[in-house]
Amino acid sequence: MQNETIIYMIMAGIAALLLALFQYIYKSKVKSNIKYVLLALRAISIFGILLLLINPKFESNTYYDEKPTLVVAVDNSQSVSYLEQNENVNEILETLESNPELKERFEIKAYSFGKSVSDLDSLNYNERQSNISQALKQFGEVYANQTAPIVVVTDGNQTYGSDYSYISKSVKQPIYPIILGDSTIYADLSIKQLNVNRYVYLKNKFPIEIVVNYNGNELINTELKIYSGNSVVFREALQFDASKTSEIISTALTANSVGVKTYRVELNPLNNEKNTVNNSKNFGVEVIDQKTNIALVYDRLHPDLGALKKAIESNEQRSVSILKPQDYLNQINDFQLVIVYNPNINFNSVLSEIYTQKLNSFIITGTTTNWNLLNSSQSYFKQTITNQTEDFQPLLNRNYNTFIIDNLSFENYPPLQSEFGKLEFLVPHDDILTKSVNGIDTGEFMLSTFEVNNTKHALLNGEGIWRWRAQSFLDMESFNDFDNFMGKLVQYLSSNKKRNRINIDYKSFYNGNDDVIISAQYFNKNFEFDDAASLTIVIKNKENDNIREVPLLLSNGSYTVDLSGIDSGSYDFTIKHNSESISASGSFRVLEYNVEQQFLNADIDKLQSIANNSSGRAFFVTDFNNLIDNLLNDNRYATIQKSTKNIVPLIDWKYLLGLIALSLFSEWFIRKYNGLI
């Protein structure tokens, strides 16, 4: 409490006493001793009221001890069991959690991680991928304002995410890796990396690049073969020694038939080689008969042109040609879809041909669009012309039902520039995006699709879409989300297939460690998305005829099923409605490959690196007990006494209000009882 407040309280007490003395002592008519009681009650009442006006604040401190947190992160991936470290992990975990000195010194928090992080309940070592960098990053964020050393029990073999040897610099906590696995160096051959395009074209050659590594000191000879079924389609002799430990083999194969084709790359193993799993790797390609050719017609250079081309061509089945209007007209029959960007008077013939020949189109308007021309060249929509532009942000219509849209955060995307004024559709249409201002939906159309006379069209009312692709990268560190969205839109526009009540989204083949996720949308008879449907997928393994039924779950505007972890092989599937005779079918293949079985040793160098960079220390399984002594003797992990200061204004003290009321009532009652009122 401040000295100034104390002075005010003393003055209030003196003032209350003087006022009470003036009323009941000075020239008072009350002669009995009752006047002293009334004097005290009046002084208390006045002093209490004055205290409320001064409203002094009282401080109270509460002290408590805060122990540092010991984060124990355990690798739950398949590589741990493959390296036969299960028992070691269980022993380490039990020792850390049961040590009485550690429990007294630290608040122990245990987690497990594979591709993601979770609270440690039990360990089954069935995670198909491990992301050490993501785990360390999350621990660094959660315990950023605490003292929380991190003990990581792992073999250090990361199969997913960014390189964790660099993440330690951003994690402001000491890291103590306990290294699982054998540190002995064995001679080993491995296929380190295999690069091949996912899609190839019929009768074309497709390139293959294989990176082969050798770990050893002796001169060895081996042979690399590529199999298609049981037939060898490529072979090459290789030689390695202590100075030559890696080689890149490049070749090309011919795609002779349409469909998914699988191949196997294999290295002849060394004598007594300990790990032969990493000597072979399966890969697949999808052979397609033709490429979708798309014309992007422009008259003014803009960054949107490059962003559209990059996004659409991220799928190798599609090719984009950026053309001037006259160049497009000269080869109009070579394209399955035309994208018209910011049409002006030079697009008169192009728009006329689209309307006359009933071509599929994607029209993008912006600040230089000639709306007089566009309004007169078609009868699908009309824009009120104001010759003014406005910035609008996108708002996703989650009830859009023409094709499946991933759960993108369009609300965070930058605004696009478009003509200010009302846009009116003259034909039935479906809105993907609407315009919003300050988060408020204006109800105006930004991106819509519509079908007329067996043709498909889309209208994007705004330019600056290159910023969306950049924002997608900032949000997800990848262009994939935006590129997939544009790919689905282009796939819909370039296809002439009729609309089905069940639309399915899946890949023709999955690598062994990919997430096998299949999505579907179901529509009622009016082609409105039905979010109360009951859908089931029936999966049949072509090799052993095993059949499995799994329900689909509604998630973010579509029905999905996660089949990750199913055995490798070829599958047929049917998605059906449980009460209606409606279904959709497809097939896919899962290639055999387990990335967690590719390792022979722990990655000692990286684990020691993150320990040194974070002021921690690495330990092997054989000496992990030294970790306990290290933690207990480190002065950085002392228990800290903290205090909480609580400031309470007197006006919040209800007892003072009660005392004032009681004293006033008592004074009134005594005066009334004694006939002084």
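**Reading the labels in a predicted model**

Mentor: S615 lies in the loop between α13 (604–613) and β35 (619–620), where helices (H or I, at least four residues) and strands (E, at least two) are DSSP runs numbered from the N terminus. This is a predicted model, in which local features need pLDDT of at least 70 and side-chain atom pairs count only at pLDDT 80 or more, while totals for chains, interfaces and linings use all residues. Residues are numbered from 1 along each chain as its sequence is written, and side-chain values use heavy atoms, with hydrogens and water left out.

Trainee: Why is S615 called partly exposed?

Mentor: Buried means under 20% relative accessible area and exposed over 50%, with partly exposed in between (1.4 Å probe, protein chains only); the value for S615 is 47%, so this residue is partly exposed. Phi of S615 is near 65°, a positive value in a residue other than glycine.

Trainee: What makes N454 exposed?

Mentor: The relative accessible area of N454 is 81%, and therefore N454 is classed as exposed. N454 is found in the loop between β24 (440–452) and β25 (455–461), and its phi, near 65°, is positive although the residue is not glycine.

Trainee: How do you know that T365 is buried?

Mentor: With a relative accessible area of 1%, T365 counts as buried. T365 is found in strand β18 (residues 361–365), and, leaving aside neighbours within four places in sequence, its contacts (heavy atoms within 4.5 Å) include W371, L374, Q417 and N461.

Trainee: Why is the pair of T365 and N461 called a polar contact?

Mentor: A polar contact is a pair of N or O atoms within 3.5 Å; within protein, one must be able to donate a hydrogen and the other to accept it, and residues adjacent in sequence count only if both atoms are side-chain atoms. The side chains of T365 and N461 make such a contact at 2.8 Å.

Trainee: What makes β29 and β33 partners in the sheet?

Mentor: Two strands pair if DSSP finds at least two bridges between them, and 7 bridges join β29 (residues 535–541) to β33 (residues 569–577), which run antiparallel. The open sheet has 5 strands in the order β27-β34-β33-β29-β30, with mixed pairing.

Trainee: Why do β27 and β30 stand at the edges?

Mentor: β27 (509–510) and β30 (547–551) each have a single partner strand, so one side of each is left without a neighbour in the sheet.
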